[in-house]
Structures are given as structure tokens and as C-alpha cells.
Amino acid sequence: MGDARTHVRRRRLVPWAVVGLWLAALVLVGPLAGKFSEVQQNRAVDYLPDSADSTQVARIQDELPGGESTDLVLVYHRDGGLSAADRQTAAAQVAEVEGAYDLTDTPRGVPSADGSTLMYPVSSTEPGQDEEARNAFVDGVRGIADGTGGLGVEVGGPGALGTDMGKVFETIDGTLLLATLGVVTVLLVLIYRSPFLWLVPLAVAGVAAALAMAAGYGMHELFDVTITGQSGGIMTVLVLGAGTDYALLLVSRYREELRRHERPYDAMRAALRGCGPAILASSGTVAAGLLCLLAADLNSSSGMGPVGMVGVLAALVAMTTLLPAILVLLGRRVFWPLIPAFGSAPKARRSLFAAMGTSAARRPAAVLAGGAALLGALALGTLNLSGDLKQEDSFTDRPESITAMETLAEEYPERSSSPLTVMAPTDRADAVLRKARSTEGVADATAGRSGAGWTEISVFATAAPETAGETRTIEALRDGLDDHGAHVGGLSAQQLDLADSESRDRKVIVPLVLAAVFVILVILLRSLVAPLLLLAAVVAVWGAALGIGGLVFEPLLGFTGTDPGLGLLSFVFLVALGVDYGIFLMHRMREESLNGAEPEAAALTALRTTGGVIASAGVVLAATFAVLTTLPLVPLVELGFVIAVGVLLDTFLVRTYLVTTASVLLRHRMWWPGRLSRAPEAVPRERQPEPV
């Protein structure tokens, strides 16, 4: 009697205690979550490795009097040529800017060869390192520089580009959160066909997002982890997407167990025992894959690793503690109108995935060969991926800073519209200036500010920004000035360093991710063959998804470049997230085999019982990443597209057909060298799982 009373008391108190602890935690972490967006860093240099030459330039600039300068270019243009009144207007507005702000030098106008354009370089250290002050300076100059009567006026330059980029990132968190919540809400309503049930996982996902943001802020403050707008946005998608996937798997198993257990508490315990290992391994593979990014040279990638990891872990903790507690407290009525009654049998129906599995099992070799050939053909589209994305092509809607750069590039073809910045030791500044001017590909070089033992030199290349010609000029400057202790930076140099670091990171991180995921799969599945099969499948999906991107980005969307980080980030996410679905399927397949089922029956039963959940989870995850394609930044659009397409390929082709048919063909060898590969023990089946 005492044990029975204790069990009843536990059933009543444990869910309430869990909810109470979460409410207390929210009170504590809520204020910290609100500070997450405040610590995001979105300057181009914030993405670069500490060792990059352009990073050294940015650091030295910070030490100069007034800190890093905010450099702008005022561009006055009229088709057919500027009039005398236009030049007077330009001079008056520039004088007003000089009177309103503390500029490093008096701006001097540089006319174009055809007289249609006049540009005024403007630089100020007054804003210092304060981002709000820099944005206020740029907005203030734009407010003064105003065209009338057909005179076009644009404010460009590195400072204006940084402000425009920052304004985009400021909107990402809110836009992503609202859009993702909307997408998940619609999908959950369609999946659950219940007016109430969808609210529970959605609310828990929101709690997980708050916890992840608070943890991200804490990591920044305690360990100086770099958090960018990109990593913050992806963390939001991960929390909601992965968290919803875990909820779908748990709720499906819980509904199944409610037919066998009278009390919701006991049904939830059985559900957690049944699918808990798969959820834990699933989150573990994603977390491990993301942690491999710590080995990245890029600050943005190395920071995304722990930021994404805390997002996944927050989703895991919330979905395996808070979600079960709330579901138990709400009882069976949360499933209304499709309430699973105790002792009832699930409605018999012809499962779509059962039909797909049966069709695949009839000719498994042909299905496997055909699917592999299709993925290989799609992967050929990677040959159509264009070169590295230029900064001017990074926006889907071009802001003023980009159109100003385009005007300058067209009207001043003899010199770059974006100067390179050389930082030279002051005692060698004259020699560095002479060497820079004599370097092939340099149109002009002028010495600027000095301080803290360094002199800033602006170098204008003859080639347009971020072209092969300018790249050769940057490399020639670095080779020629290295003996003088000088560093070469600026926007174009930063993009070059970014691409070089991305190339290095791919070679280091890809093997690390594969090794980490492989070890987790071996531990979970007690096999070497099954993990190798799953890894081969997700790598094939990655190649095919990138190939589809190559067929879409430039031909259909008009993108003129590919983000250098697309290959690495899409690989990490598709491998880690794609293996999730393989874990769900393989874990159930192994469970069926342990219960005595023959290999083919185990594979088909696993597909029949998990196919619906995997499909629902895949659609939700793909939809959440697809939200990235609505943002105005090309790198995020490309990343969201590739991951969404890859998840759908993985869900409806690889898991449904290729992994299932490979399992049928390999039979017991799938579990080599575990005991299931030798002589699986026939264990009486206690139950038939409910089709999902």
C-alpha cells in the first residue's frame, strides 16, 4: 500500500514540480534573453580569424586617435553632366557636413572624366567604436546630402555599407522568430488536427528559445564567444525546428502508449523510455557536429558552434522535461477530438509509408541504384555554382551604399571605389608609401592618420573591388610590404581573408564532423555498417542539395556569387540534422530486430511506424530553414535553401527508399559486428506498434 501511495503521489507532484522549476528559471533567464541581440557583432572583421592580416589592420585602427574611422563617400551624379549649380549644391552640403561633424580632413571633390559625377570622401573618428554613434553619423550625413531637380546623391563607402548591413541584422531576430513561429503553427495544426495540441509544443519551443538566448548571452559575457547576426538567427531556427522535431517524436510515442496505459503519467514514462534514446542521440549528433566548428579559423564559424549547440540542448531539455510535464497535467483531453482511449486499438488504415516501403522492397537493388544515380546527377549541379559572393551582391534588395559603389565603379573605372587600408609603422611610413605607389595595380596611395606608432595609408587599386585584378594587387602589396612590418586590410582584403579561411576550415572540420557523428552512431546502434550507411546517405544528400542550388541560384534567382561559407555550414547542418532521421528510423529498426523480427520485416515495420513522424519532422525542419530565404541577405537565402532542400531529399527519398532498401539488401550484415549480425535471438513480441 505504501508503495502504491508513493507512486500516486509522484504522479501528482512530479509534473507540477517540473513546471514550477521552469517558471522559476524563466524569471531568472528572461532579462538575459532580452540582451542577446545587444551582444551581436556584425562588422565584416568580426567574422574573420584573429590571425588574418585585415583583422590586424582593424585592431590597429582601433588604437589610433579616435579609434576606427567611419569612412564615407558622397556621390553626386547627373546624367549628361553636372551643372555649376550642382557643384555649388555639392560643395554647400559637404561644408554643412564638415561643420556638423569632426572630420579627420577637409573633404575634396574628385570629378569623373566625363564630368557627370563628383565624389567627396568623408572620414570621421567622432563616432569611435560605438555602433549607434556610427549609425547616427551615417544617417546624419545622409540627411544633409540631398539631391534636388534631378541631381542624384548617394552616400556610400565602408561606413555606409556597415550601417546598411547592421540595419538588416537588427531585424533578423524578430523577423525570423515571428515567421518561424507562424510556419510551425500552421504545420502543427495540420499534423495534429487538434485545436489545442499544437499550442503545447509551440509554447515549449518558445521557452526553449528564451533559454537558448540567455545561455548565448552568458557564453558571450563569460567566454567572449563571438555572436553574429547570422549565428543568432540560425540558433532561433535550430531551437524551433529541432525542438518541434523532438516534440513530434515524443507526442507520437506518447499517444501510442496512452492506449496501453491507463494513467498519462505511466504512458509518458513508457514514451520517454521508448523514444528518449533516439532523441538524446539525435540531439547529441547535432551538438557534436556544431561543436566541431570550434576548430574553425573564422570567428563567426567558431562562435556559431557553441551558440548552435546551446540552442539544440535547450530544445532537448525543454522537450524532454517541460513538454512531458504539461502533457501529463493536461491528460488525454489535449488530443481532442482524436482522443486515444485506454485499451483501444488504433484505427486500421493503409499507411502511405507502408506502401512505399513495400514497393521499395520488391526490387531493392534497382531502387537503391536508381536513387543513388539520381543523387549523383543532382550533385553535378555544383559545377554550375558561381564564384565567391561579393559584398555588393550580398543584398537581395540593394541599399544606398551598394548603388553608390556601382555608380563609382562605372564613373571611375581607372581606380577602385573602395580603398585598401595599409597600416605601416610610423618610422617606415614613407618607405611603405613609396613601395605601395610602385606596386603593380596601384592607381594612387595617400598617407592619413598617425598615432600609437602606426600610420594609416589609403591605397586605390586600378581594378574594381573584389575582382581577380584587385586580388592580385592585394597579394602583391602583402608580399612587397611584409618586410616593412605593414598590414593590408580594408573591405576587399577582408573578403579575401574570409574566403581563404573558409577553404582551410572545410579541410579541417568536415573530417571532424564525420568522425564525431560516426562515434555517436556506433554507440547508439552497436554497429559499424549502419553508421557508415547513414553517413554515406547524408553526404550524398549534401552534394545533391548543393547541386540543386547551383541550378537555381544564378539561373533562376539571379545571384551572381556563392557565399564562401555555404559549403561548410550546409555540410555541418545537413550531416548533423540529416542523421537525426536516420537515428529515428534505425533505432526503431533495431528495436524490432531485438524483438525477433526478420531484417526485411524490421525495416518495413520501422518505416511504417516512424515514416509519418519523420515526414512531419522533415517538413517542419525544412520549413523553418526555408524561412531564411525570406531575408534580404543572399548568404542566408542560399544557406536556408540548400538546407531545406537537403532535408526534404533526406526525408522523402533517402530515408524512405534508399536506407530502407539498403537495409533489406544487407539483412543481418547491417548490424555487423554486433550480436544482431550473427544470430539474433528471437524474443517474443510484446506488442504491435501503432502505425503513425
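Here are a few notes on the fold and surface of this chain.

1. First, a caveat: this is a predicted model, so read everything below as computed from that prediction.

2. On overall size, the C-alpha trace of the protein chain spans about 95 × 55 × 50 Å along its principal axes. The radius of gyration is 29 Å, and that agrees with the value near 26 Å that a compact globule of 692 residues would have.

3. As for what the chain is built from, the secondary structure comes to 19 helices and eight strands. Of the 692 residues, 58% are buried.

4. Now the surface, starting with charge. Glu 475, Asp 479, Asp 482, Asp 483 and Asp 500 together form a negative patch. One of these, Asp 479, sits in helix α14, which covers residues 468-481. Is Asp 479 buried or exposed? Its relative accessibility is 63%, so Asp 479 counts as exposed, the cut-off for that class being over 50%.

5. There's a nonpolar patch to look at as well. Phe 196, Trp 336 and Ile 339 make up about 310 Å² of nonpolar surface. Where does Ile 339 lie in the chain? You'll find Ile 339 in the loop between α9 (299-330) and α10 (352-362). With a relative accessibility of 38%, Ile 339 counts as partly exposed, because that class runs between the buried limit of under 20% and the exposed limit of over 50%.

Methods: Residues are numbered from 1 along each chain as its sequence is written. This is a predicted model: local features need pLDDT of at least 70, side-chain atom pairs count only at pLDDT 80 or more; totals for chains, interfaces and linings use all residues. Side-chain values use heavy atoms; hydrogens and water are left out. Patches are made of residues with over 30% relative accessible area and no salt bridge: like charges are joined within 9 Å, nonpolar side chains (Val, Leu, Ile, Met, Phe, Trp, Tyr) within 5 Å. Accessible areas come from the Shrake-Rupley method with a 1.4 Å probe; for residues, only the protein chains shown count as cover. A salt bridge is a side-chain nitrogen of Lys or Arg within 4 Å of a carboxyl oxygen of Asp or Glu. Lys and Arg count as positive and Asp and Glu as negative; His and the chain ends are not counted. The place of a charge is taken as NZ of Lys, CZ of Arg, CG of Asp or CD of Glu. Helices (H or I, at least four residues) and strands (E, at least two) are DSSP runs, numbered from the N terminus. Buried means under 20% relative accessible area, exposed over 50%, partly exposed in between (1.4 Å probe, protein chains only). The radius of gyration is taken over C-alpha atoms; the globule rule is 2.2 Å times the number of residues to the power 0.38.
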